[in-house]
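I opened the model today to look up a few residues. My notes follow.

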Amino acid sequence: TLSEDGAAAIGFDIVFPEPDRLSPSNAVQHWPQTALVAEIKPELEKLPSNDQVLAEAIATAPVVLGFIASPHTDVLPQIKAGLAHGGDDPRLFAPYYPGSAVTLKELQDPAVGAGALNWIPEFDQIIRRMPMVVRIGDTLYPSFAADLLRQAQGASTYVIKSSGASGEQAFGEKTGIVKVRVGDFEVPTEASGQMWMRFTPQNRDRYLPAWKVLDGEIPAEEIAGRIIIIGTSAAGLLDLRATPIEASVPGVELHAQAVEQILKGAFLQRPDFATPAELLYILLLGTLIAVLIYRAGALGSAVVSIIAIAFVIGFSWYAFDKLGWLVDPVYPTIALAAIYLTGTSYVFLRTERERNRVRNAFSHY
């Protein structure tokens with residue numbers, strides 16, 4: 001139905017690793033073995049399996065299947081697109097897995113694309129980045145979102161730019177992946193080939209109920225030219241993820257937002273100079289605050305500390321909102337506050353010690 005309505009790409013955020021147990025030849029094995037069942041069993045076994053029917057539908061549509069890179073297998077997915085690279089070998093940096101959980105071969109064969117459904121959460125289990133490429137064995141594979149975008153454009157190859165490539169200064173160091181080009185779109189990444197996600201609030205307008213599509217209640221113009229992802233949103237299926245702005249969103253939306261972000265070009269980046277700049281800021285302002293504690297006292301240094309902290313928080317928000325930069329306000333704030341508190345505490349204790357010494361000295365006269 002989606003193909004007939006003109007979808008540019010159809011992705012399954014679902015893996016089909018086993019034959020359908022409800023296919024006629026499989027289901028009949030579990031029926032009560034009566035005389036009637038024995039009579040019709042040969043005819044049922046002649047019917048095509050549900051997987052065959054699905055494979056025939058996939059063959060007529062621009063379908064991208066998903067697979068899950070896994071540390072527990074050594075199975076490799078089919079390669080549906082070429083990957084070229086400039087600079088250092090991206091396999092040195094991409095997330096590595098020895099194998100994957102893949103869809104049945106009879107469904108993989110007619111599909112025009114395949115991509116990794118993996119996401120890599122941070123230590124707090126919140127998803128802030130999505131990989132554009134993963135390494136399975138010795139082979140690089142695109143992400144699910146990337147291959148949907150490739151198929152929608154009719155592209156056949158990815159171009160991965162790493163450190164040492166033309167125009168990329170790494171000063172002889174292997175610093176990682178820089179960009180991944182998908183058709184007409186160039187996606188900036190961090191060193192391991194992951195894209196920083198600029199999540200937006202969950203929006204029900206992104207969703208089309210499957211039953212409405214099947215009943216013909218969705219106009220064709222709502223589907224034509226679109227990238228459509230088939231997935232689940234029921235809480236009981238446990239495919240729910242946490243993002244920086246929401247505690248629980250369907251996993252399928254992560255891929256949808258990744259595609260949406262690439263199409264809009266609304267990228268987040270952690271500039272190369274961010275960490276040195278943050279450390280330099282802490283060093284300079286920390287030194288200034290420490291000196292002022294001795295020269296101007298606690299009140300004067302407090303004013304400077306508040307201004308310095310307000311500046312770093314304000315600049316961080318401005319950089320995020322206007323420039324798409326990730327500048328960390330947390331560590332500079334903590335460091336400057338710690339320097340102020342430590343310095344004033346030291347000065348206070350030293351003053352108290354001096355006062356007690358003078359008091360003790362005068363008590364002898």
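**Asp88 and its surroundings**

I started with a side-chain pair: Asp88 makes a polar contact with Ser163, side chain to side chain, at 2.5 Å. (A polar contact is a pair of N or O atoms within 3.5 Å; within protein, one must be able to donate a hydrogen and the other to accept it, and residues adjacent in sequence count only if both atoms are side-chain atoms.) This is a predicted model: local features need pLDDT of at least 70, side-chain atom pairs count only at pLDDT 80 or more, and totals for chains, interfaces and linings use all residues. Numbering runs from 1 along each chain as its sequence is written, and side-chain values use heavy atoms, with hydrogens and water left out.

I placed Asp88 in the loop between strand S3 (82-86) and strand S4 (96-97). Strands (E, at least two residues) and helices (H or I, at least four) are DSSP runs, numbered from the N terminus.

Is Asp88 buried or exposed? Asp88 is buried, at 17% relative accessible area. Buried means under 20%, exposed over 50%, partly exposed in between (1.4 Å probe, protein chains only).

I then listed contacts (heavy atoms within 4.5 Å). Leaving aside neighbours within four places in sequence, Asp88 touches Phe93, Ser162, Ser163, Gly164, Glu173 and Lys174.

**Positive phi**

Most residues other than glycine have a negative phi. I noted Leu238, not a glycine, with a positive phi of about 65 degrees. Leu238 sits in the loop between strand S14 (227-230) and strand S15 (240-241). Leu238 counts as exposed because its relative accessibility is 66%.

Gln125 also went into my notes, with a positive phi near 65 degrees. Gln125 lies in the loop between strand S6 (113-116) and strand S7 (129-131).
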